[in-house]
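Here is a short briefing on helix faces and core packing. Please keep the viewer open while reading.

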Amino acid sequence: MEVSRFGELSPTSGAEILSELIDKRGSRRAFAEEIGLPPTTLQSMLSRGVGRASIDNVIKVCRALGITVDELDNMASNRAIDVHTIAAHHDGDDWTEKELEEIERFKEFVKLKRKQQE
């Protein structure tokens with residue numbers, strides 16, 4: 001995992017998580033405009049990684065998504081765990097890589113919903 005100014009947050013997985021959360025809301029361009037960020041800046045953050053983005057922009061995006069940078073860090077840390085460990089909780093089932101990725105995305109979605117309800 002690559003170390004950045006966000007502690008142990010991997011820029012790529014942080015960007016992947018932000019991408020997924022934004023995409024669930026709709027258009028990336030509309031999201032960027034809604035929060036007052038140039039769409040090209042948001043796209044750069046999502047493609048190059050949060051570690052290369054300004055902290056102000058990362059905070060702005062996280063706030064708009066209803067999460068903190070710490071929560072993003074936690075989600076990225078949890079994602080770093082080998083997705084194959086998820087399959088251990090499904091005795092006897094064979095999972096494809098794509099299915100494991102979908103399980104992981106759903107797990108993150110449920111965690112995010114739980115935090116929003118607190």
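Predicted model: local features only at pLDDT ≥ 70, side-chain atom pairs only at ≥ 80, totals over all residues.

**Helix α3**
- Buried positions in α3 are L42, M45 and L46.
- Viewed down the α3 axis, these buried residues fall within an arc of 90 degrees, so they line one face of the helix.
- T40 and S47 are exposed, on the face of α3 turned away from its buried side.

**Helix α2**
- α2 spans residues 28–35, with F31, A32 and I35 buried.
- These three cover an arc of only 100 degrees around the axis, which puts them on the same side of α2.
- Exposed R29 and E34 sit on the face turned away from the buried side of α2.
- At the start of α2, a side-chain oxygen of S27 comes to within 3.1 Å of the backbone nitrogen of R29.
- G36 follows α2, and its phi is positive, near 75 degrees.

**Nonpolar core**
- The largest nonpolar core has 23 residues.
- L18, L42, V61, L65 and I67 touch the most other members.
- Two or more residues come from each of α1 (11–25), α2, α3 (39–48), α4 (55–65) and α5 (69–79).
- Beyond its neighbours within four places in sequence, V61 contacts L18, I22, F31, I35, L37, L42 and M45.
- In soluble globular proteins, nonpolar side chains tend to be buried together.

Key
Residues numbered from 1 in each chain as written. Heavy atoms only, no water. Buried < 20%, exposed > 50% of the residue type's maximum accessible area, 1.4 Å probe, protein only. Helix = DSSP H or I, 4+ residues; strand = E, 2+ residues; numbered from the N terminus. Arc of directions from axis to C-beta. Polar contact = N/O pair within 3.5 Å; in protein donor to acceptor, adjacent residues only side chain to side chain. Core = buried A, V, L, I, M, F, W, Y, C linked by side-chain atoms within 4.5 Å. Contact = heavy atoms within 4.5 Å.
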